[in-house]
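I opened my notebook to record what I could look up in this structure, one topic at a time.

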Amino acid sequence: MFITRIILRNYKSIGHCDVKLGPLTYLVGGNGAGKSNFLDALHLVRDALAGSLDNALNERGGLSEVRRRSSGHPTHFGIRLELILPNGQHARYAFNIRALKDRAYEVQTEECVIEGLGRGLFFKIERGQLHSTSEVAFPSVTPDRLALVSASGLQSFRPVFDALTAMGFYNLNPKLMRELQKPQDGRLLKPSGENIASVVSHLERVESDLPSIKEYLQSVVPMVQDVERRQVGPMETLEFKQEMSGAKHPWRFLAQNMSDGTLRALGVLVALLQGNPDYSPTLIAIEEPETALHPAASAALREALKRASAKTQVLVTSHSPDLLDDYNLPPDAFLAVVSQGGETRIAPLDTASRESMREQLFSAGELLRMNQLDPDAEELAMQDQHQADLFGEGEA
């Protein structure tokens, strides 16, 4: 497990939420409930650290499109993540961004704490000024950038930076996967799958789960026997081997000739199982992995999700009863997402749903068909009454 707890304030449609994650978490709710906004908050953290805060905000339409619009006119949004790092240390990382005049903004507060044997490692930034730190020397910071980017040059805080920038977020686009692609860095699949040929090429060269990816793909699309990277001049693409009736040998098809369902299935499987000794993502978040797949493929997809979560934390959004139609899915693996008065609310399933699933009276898919996968009302009330602080001590 990587991220154990997420606290959000005024992020898009989310006024506030405080939830815990497990190795595999399903975010379940109707269209427009705000599932994508929850994932996007994590995605913004990665983008702001891997690139810049300015680009991360501008890609989302600017700060005015990111912070929640409401009658209260909040002037800031905030995020707190509680983590378990790959070395087993507990850590927390939090920041809030305040709007200024003329579309400007500043990082109002930013804090990173790593707990360990002896004294912990920490820094706290207030409006572009170093407030306190465990380090003898600390790099210069500015109010329009996240200080963790500069602090990643220090051995102390590098593990937090590396872990957060190794998160992968996916809303796969078959059109981009179908086109000829320039050779790119293939260690981590990009959000729309636009470098999938390079990723498959990378997996071919290192010890990886590529055989399992192909095996699962054949379970989902039985006629596909193999897939590999193919050079086309200075570009590259994927080539599929497909069984054809009456043919002695499989026929070969480039990605441009494959269906959306086949390409999306491959993209989901590559996203889930792309980890290898050379580079492994810390978290994989996929939006609606069941899209364009036949319901019969749900069992293979569930198995791939479970397998991936043994090595990498997995977070998926779904409103597919077929994907969730499994009595072995534990109720603790679900977060229910609803929109109440235009505000996204997120919490574990209510008591009735949890008991029904534990006693195997209904599967999560059957409850979803009956519109009975609801968030726990007591948990939502507790979130309203006791809004956890973004900074300072808390559960890690």
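Predicted model: local features only at pLDDT ≥ 70, side-chain atom pairs only at ≥ 80, totals over all residues.

**Entry on Glu290.** I looked up where Glu290 sits, and found it in the loop between β13 (283–287) and α10 (298–309). What I did find is a polar contact of 3.4 Å between the side chains of Glu290 and Ser318. Leaving aside neighbours within four places in sequence, I listed the contacts of Glu290 as Leu301, Thr317, Ser318, His319, Ser320 and Leu323.

**Entry on the cores.** Which residues touch the most other members of the largest nonpolar core? I found Phe38, Phe77, Phe95, Leu148 and Leu164, in a core of 59 residues, to which helix α1 (residues 35–50) gives the most, with 8 residues. I then followed Leu164, which, not counting residues up to four places away in sequence, touches several residues, including Phe2, Val45, Leu81, Tyr93 and Leu148. Apart from this core lies another, of 55 residues, and I wrote down Tyr26, Leu217, Phe240 and Leu367 as being among them.

**Entry on helix α7.** Why is helix α7 (residues 196–205) largely enclosed by the rest of the structure? I saw that 8 of its 10 residues are buried, among them Ile196, Val199, His202 and Leu203. The elements that cover these buried residues include α6 (174–178), α8 (210–220), β10 (224–232), β11 (235–242) and α9 (260–273).

Notes:
Residues numbered from 1 in each chain as written. Heavy atoms only, no water. Helix = DSSP H or I, 4+ residues; strand = E, 2+ residues; numbered from the N terminus. Polar contact = N/O pair within 3.5 Å; in protein donor to acceptor, adjacent residues only side chain to side chain. Contact = heavy atoms within 4.5 Å. Core = buried A, V, L, I, M, F, W, Y, C linked by side-chain atoms within 4.5 Å. Buried < 20%, exposed > 50% of the residue type's maximum accessible area, 1.4 Å probe, protein only.
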